[in-house]
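Please look through the sequence and the model below, and then follow the paragraphs that come after them.

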Amino acid sequence: MIHELTNPVTKTLVTHLRDQRRDAVRFRHTIAELTKQLVYEALHDFPLLDKTITTWTGELSCKTIDEESIVVVTVLRAGMPMLDSVMELLPEAHAGFLAMKRDETTHESVLYYDRLPDCKDKTILLVDPMVATGGSIIDALKLIKSREPSRIITLNIIGSPEGLDVVKSAYPEIDIFIAQIDERLNEDKYIIPGLGDAGDRSYNTVG
């Protein structure tokens, strides 16, 4: 199921991202803030455990997420600010890394790096800023599903209707949390209006 955030703050932050005057530091910061909003929504029904902690008045039993049951997987490199943001919220979660490169002729993605921890019976948060054709995220989902997680949730900043339909058709059981669904893909398979290249803008690697 696709869950698009409707919070006015979310929409405002997406507008900030579209502004080409936003430098790399502020771009990454805005991505991180949007990621936190996505996590809040995605884990709203997550079960809580009892955990005994030491407070200023002594020991206290509190409710908490089982962070160690969560694996945060990023698609390098554009997803790095998102992964960092989730790990700030859930520091005991595990991190995994996938790297894919888009073939500019075929528009298909090619996996060239796989560094996933044990995913069996874990909840996977797959973070990737943009869903364009849906090809790279489907490739990532196929690989992750082969590792037998209990649940997969994707966190995305923007996406095209076409790409999201492709993902939904291939994996209808996956929950997709996205900040903004954009208008369309253009003939070159880029999202319109989009953000530009999120990886380049995050790390000043344009050109």
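How many salt bridges does the structure hold? It holds 13, where a salt bridge is a side-chain nitrogen of Lys or Arg within 4 Å of a carboxyl oxygen of Asp or Glu. This is a predicted model, in which local features need pLDDT of at least 70 and side-chain atom pairs count only at pLDDT 80 or more, while totals for chains, interfaces and linings use all residues. Residues are numbered from 1 along each chain as its sequence is written, and side-chain values use heavy atoms, with hydrogens and water left out.

One of these salt bridges joins the side chains of Lys-51 and Glu-92 (3.9 Å, N to O). Because Lys-51 lies in strand E2 (residues 48-55) and Glu-92 in the loop between helix H3 (80-89) and strand E5 (94-102), the pair ties together parts that are 41 residues apart in sequence; helices (H or I, at least four residues) and strands (E, at least two) are DSSP runs, numbered from the N terminus.

Another salt bridge brings together the side chains of Glu-173 and Lys-145 (3.0 Å, N to O). This pair links distant parts of the chain, with Glu-173 in the loop between helix H5 (161-170) and strand E10 (175-181) and Lys-145 in helix H4 (residues 135-145), 28 residues apart.

Within helix H5, by contrast, Lys-168 and Asp-165 lie three residues apart, about one turn of the helix, and their side chains meet in a salt bridge (4.0 Å, N to O). Finally, Asp-45, Arg-151 and Asp-175 are linked in a network of salt bridges.
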